[in-house]
Amino acid sequence: MAMSDIIDRLKTIVGAPHVATEAADMAGYLCEPRELYRGRALCVVRPGSTAEVAAVLRLCDDTGLRVTPQGGNTGLVGGQTPMD
């Protein structure tokens, strides 16, 4: 499945406004607070319910995509930063 198809499916699950694909919109999610770690991601998805979380994770599992959960970007060990 093409990455653009996956992004379209994610937008269907959570709504287009909740899927960030532009570098500027994702920047705050890809760098930890001290700027020691910078990551990369296909997109940032912000589900609004447990059902949406489950659907997003199901899609990622079905397509082999890795997920880096983030709960506020407050960690100081880089664990919230998605890496290749």
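## Surface, fold and cysteines of a predicted chain

The chain exposes about 5500 Å², and carbon and sulfur atoms supply 54% of it; accessible areas here come from the Shrake-Rupley method with a 1.4 Å probe, and for residues only the protein chains shown count as cover. This is a predicted model, in which local features need pLDDT of at least 70 and side-chain atom pairs count only at pLDDT 80 or more, while totals for chains, interfaces and linings use all residues. Residues are numbered from 1 along each chain as its sequence is written, and side-chain values use heavy atoms, leaving out hydrogens and water.

Let's turn to the fold. Three helices and two strands make up the pattern α-β-α-β-α along the sequence; helices (H or I, at least four residues) and strands (E, at least two) are DSSP runs, numbered from the N terminus. Of the 84 residues, 26% count as buried, where buried means under 20% relative accessible area, exposed over 50%, and partly exposed in between (1.4 Å probe, protein chains only).

| Residue | Relative accessible area | Class |
|---|---|---|
| Cys31 | 10% | buried |
| Cys43 | 15% | buried |
| Val67 | 42% | partly exposed |

Now for the cysteines. The count of disulfides comes to zero, a disulfide being a pair of cysteine sulfur atoms within 2.5 Å. Cys43 is in no disulfide, and its nearest cysteine sulfur, that of Cys60, is 7.5 Å away.

Val67, for its part, is found in the segment after α3 (50-63).
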